[in-house]
Amino acid sequence: FNLPEGNYTLRITDILGRQTLVQSIVNIKGSQQTENIQLPASVQKGMYLIKVMDKADKPVYSKKMLVQ
């Protein structure tokens, strides 16, 4: 997906809505970009929701992730 250039926040929550990770990211000129993230060691197996939030804290992308 392509986003306008700007600052975004990556949020990962578990299925109960508990925040697992928050990381700031900068989108470079709207082109494809890869972000590497390190999940905390305390993350347990299960389903998580990844959201990319714009500067107004509105979700612009979301995806489910399974930790095995």
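Patches here are made of residues with over 30% relative accessible area and no salt bridge, with like charges joined within 9 Å and nonpolar side chains (Val, Leu, Ile, Met, Phe, Trp, Tyr) within 5 Å. What you see is a predicted model, where local features need pLDDT of at least 70 and side-chain atom pairs count only at pLDDT 80 or more, while totals for chains, interfaces and linings use all residues. Residues are numbered from 1 along each chain as its sequence is written, and side-chain values use heavy atoms, with hydrogens and water left out.

**View 1. The whole chain, as a way in.** Let's start with the overall layout: zero helices and four strands, in the order β-β-β-β along the sequence. (Helices, H or I with at least four residues, and strands, E with at least two, are DSSP runs numbered from the N terminus.) The C-alpha trace spans about 35 × 20 × 15 Å along its principal axes. Of the 68 residues, 28% are buried; buried means under 20% relative accessible area, exposed means over 50%, and partly exposed is in between (1.4 Å probe, protein chains only). Contact means heavy atoms within 4.5 Å, and among contacts between residues at least 6 apart in sequence, 40% join residues at least 24 apart.

**View 2. The surface and its charges.** Accessible areas come from the Shrake-Rupley method with a 1.4 Å probe, and for residues only the protein chains shown count as cover. Turning to charge, there are 9 positive and 5 negative side chains, and the centres of the two sets lie 6 Å apart. Lys and Arg count as positive, Asp and Glu as negative, while His and the chain ends are not counted. Each charge is placed at NZ of Lys, CZ of Arg, CG of Asp or CD of Glu.

View 3. Ile 15, Leu 16, Met 47 and Leu 66 together make a nonpolar surface patch of about 440 Å². Met 47 sits in strand β3, which runs over residues 46–53, and counts as partly exposed because its relative accessible area is 36%. Leu 66 belongs to strand β4 and is also partly exposed, at 49% relative accessibility. Which residues does Leu 66 contact, leaving aside its neighbours within four places in sequence? They are Gly 46 and Met 47.

**View 4. Gly 46, between its partners.** Gly 46 is in strand β3 and is partly exposed, with a relative accessible area of 23%. Beyond four places in sequence, Gly 46 is in contact with Met 65, Leu 66 and Val 67. Leu 66 and Gly 46 are 20 residues apart in sequence, yet their C-alpha atoms are 5.7 Å apart in space. Another pair to look at is Gly 46 and Asp 14: 32 residues separate them along the chain, and 7.8 Å separates their C-alpha atoms.

View 5. Side chains of opposite charge can pair when their charged atoms come close. A salt bridge is a side-chain nitrogen of Lys or Arg within 4 Å of a carboxyl oxygen of Asp or Glu, and by this rule the count comes to two. One of them joins Asp 57 to Arg 11, with the closest N and O atoms 3.0 Å apart. Asp 57 lies in the loop between β3 and β4 and Arg 11 in strand β1, so the pair ties together parts that are 46 residues apart in sequence. Both ends are partly exposed, Asp 57 at 42% relative accessible area and Arg 11 at 25%. Where is phi of Asp 57? It is near 65°, a positive value in a residue other than glycine. For background, most residues other than glycine have a negative phi.

View 6. Arg 18 and Asp 14 meet in a salt bridge, 2.6 Å from N to O. Is Asp 14 buried or exposed? Asp 14 counts as buried, at 13% relative accessibility. Thr 13, in strand β1 (residues 6–14), is buried too, at 18%. Apart from neighbours within four places in sequence, Thr 13 is in contact with Arg 18, Gln 19, Thr 20, Tyr 48 and Leu 49.

**View 7. Leu 21 in strand β2.** Leu 21 is found in strand β2, residues 19–27, and is buried, with a relative accessible area of 13%. Not counting residues up to four places away in sequence, Leu 21 touches Leu 10, Arg 11, Ile 12, Ile 37 and Gln 38. Leu 39 is 18 residues from Leu 21 in sequence, and their C-alpha atoms are 7.1 Å apart.
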